[in-house]
Every structure is written in structure tokens, then in C-alpha cells.
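Student: I have a structure open and would like to talk it through with you. Could we go step by step?

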Amino acid sequence: MDLSPLLLAGGACLGVLLVFAIVVGVVQHRRERRRREGLQQWAAHNGWRYEPRPAVDWWRRLPGRNRRGVTLALTGLVGGRTVSIAEYSHTTTTTTPGPDGVGTTSPSTHRYVVYLVRLRQALPGLAVHRRGAVSRFGRALFGDRPTALGHEPFDRAYRISAERPDVVPAVFRRDLVAEHVAGRLPEWSLHGAELMTFETGRIDDPATIPGRFAALVRLADLIEPR
């Protein structure tokens, strides 16, 4: 049996797939370049600063802890406070066993939008996390940590991490606790004077940037009343 036609057909298919992949890559690259140019233009027109690959240590508080994961940042003023919005990513790999015992490794890139509000004064490190099933089970088994507030609606839903537990009562005043219990504040962390939260995604429409800070600026005002 002459396999030449089959080999030629297979080679042609691979060639078509290769050309298609190159075209898709070029289109995606151009689209990403236009998106970043749009962010730069928006920043220039609105008195913000655009910075590619900023030299920051925010990655330490983000999933994956990718040292080179912060690819861009924009900094400006919202509600009288200096704020920054950034894009961050990290990659994980998944190995799927094959029928022949050889695994296939597939990479997955996880993208996040990071929000920071700068306080006027630095505070010891703090973080608030929503409780998952493991945390709720641990609380039922071992009780509350020293950072618990003694307010059951909050303690049931959230846990606090703190460098200095003695600072917690001064920060978590009544209004801040009430906003958390009502679900109007995100999970957050504070390192020095940098108050941070993040969500999955990326910055597609720069016009939405100031409005994205509403909850975090509100939180900053609750932590540090003006």
C-alpha cells in the first residue's frame, strides 16, 4: 500500500494548523497591544500614571506568589486617596495520565486584577478571609483564634490574621464589622500602609477603573477615619 498520499495529506493538515496558530497568535498580540495602549491613553488623559512591570512586592500577597507576575499598574487618586490598580498572573500545570502511562502536562494561566489603597499611616500586618469549609470545621473543633472579635455573625463568616492581635480591636470598630457582616466589603490584606484586595480577570474598560475602588476606599475610611 502506498502511504505517500496519506503522508502528504497529514503534512498538509499540520501545515494548515501551524498557519492558523500563527495567525491567531498575531491577532491576539495586536489586540493586547491595543488594549494596553488604551490603558496608557486613559491614564494620560485622566492624570494617572501608567507603569509597565512596576518594581513592587505585591506578589507576596497574591495567589501563586509569582515574583514577575505584576505586568502593569496604574496609579491615581480616588476619593482623595492614592490608589493603584494592577494586573497579575501566575501559571499552574496539570498532568493527565495517558493510556500508555505517559502523562500529558497542560499549563493554565490565572489572571487577576489587584487593587491597592494607600493609608496615611502604616499599621501592623492584617488580613481578613472568608471562612471556607475547612476553616469552619477547624473553628468548631478548636475554637476561635485570639484575633476573633467575639461577635458571632462576623466570627462565623470571617477569620482575621494579624501580626499583632492587640491591634485588632482598634481597627475592627463597629461600622467596619457591620459592613463586613452585610457583605459589602471584600476580603483584604494590609501591609504597612498598603491596603489590598484582588479579583479574577483583567482591565478591559479603563473608564470603569475609578468605580472599582468604591468598596476598598470605603474600607480605608473605616480603618482610618478622616
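Tutor: Happy to! Helices (H or I, at least four residues) and strands (E, at least two) are DSSP runs, numbered from the N terminus. This is a predicted model, where local features need pLDDT of at least 70 and side-chain atom pairs count only at pLDDT 80 or more, while totals for chains, interfaces and linings use all residues. Residues are numbered from 1 along each chain as its sequence is written, and side-chain values use heavy atoms, with hydrogens and water left out.

Student: Which helix holds Phe137, and is Phe137 buried or exposed?

Tutor: Phe137 sits in helix H2, residues 133-142. Buried means under 20% relative accessible area, exposed over 50%, and partly exposed in between (1.4 Å probe, protein chains only). Phe137 has 55% relative accessibility, so the label is exposed.

Student: How many helices and strands are there in the chain?

Tutor: Reading along the sequence gives the pattern α-β-β-β-β-α-α-β-α-α-β-α-α. The chain therefore has to be counted by DSSP runs, helices as H or I and strands as E. The count is seven helices and six strands.

Student: Where is Trp48 found, and is Trp48 buried or exposed?

Tutor: Trp48 belongs to the loop between helix H1 (4-45) and strand S1 (49-52). Its relative accessibility is 11%, so Trp48 counts as buried.

Student: Which residues have the most contacts inside the largest nonpolar core?

Tutor: A nonpolar core is a set of buried Ala, Val, Leu, Ile, Met, Phe, Trp, Tyr and Cys residues joined through side-chain atoms within 4.5 Å. In soluble globular proteins, nonpolar side chains tend to be buried together. The largest core here has 38 residues, and those with the most contacts inside it are Trp48, Leu74, Ile85, Phe172, Trp188 and Phe213. Apart from it lies another core of eleven residues, among them Trp58, Leu62, Tyr112 and Met196.

Student: In which helix does His180 lie, and what is the relative accessible area of His180?

Tutor: His180 lies in helix H5, residues 174-181. Not counting residues up to four places away in sequence, His180 touches Val128, Phe154, Tyr158, Leu185, Pro186 and Trp188. His180 is buried because its relative accessible area is 0%.

Student: In what sense do strands S2 and S3 pair, and over how many bridges?

Tutor: Two strands pair if DSSP finds at least two bridges between them. In the hairpin of S2 and S3, two residues lie between the strands, and Gly79 takes a positive phi near 60°. Strand S2 (residues 70-78) and strand S3 (residues 81-97) pair in the antiparallel sense, over eight bridges.

Student: What is phi of Arg53, and where does Arg53 lie?

Tutor: Arg53 lies in the loop between S1 and S2. Arg53 is partly exposed, with a relative accessible area of 46%. Its phi is positive in a residue other than glycine, near 45°.

Student: And what is phi of Arg65?

Tutor: Arg65 is also found in the loop between S1 and S2. Arg65 is partly exposed, at 48% relative accessible area. Phi of Arg65 is positive, near 45°.

How values were computed:
Contact = heavy atoms within 4.5 Å.
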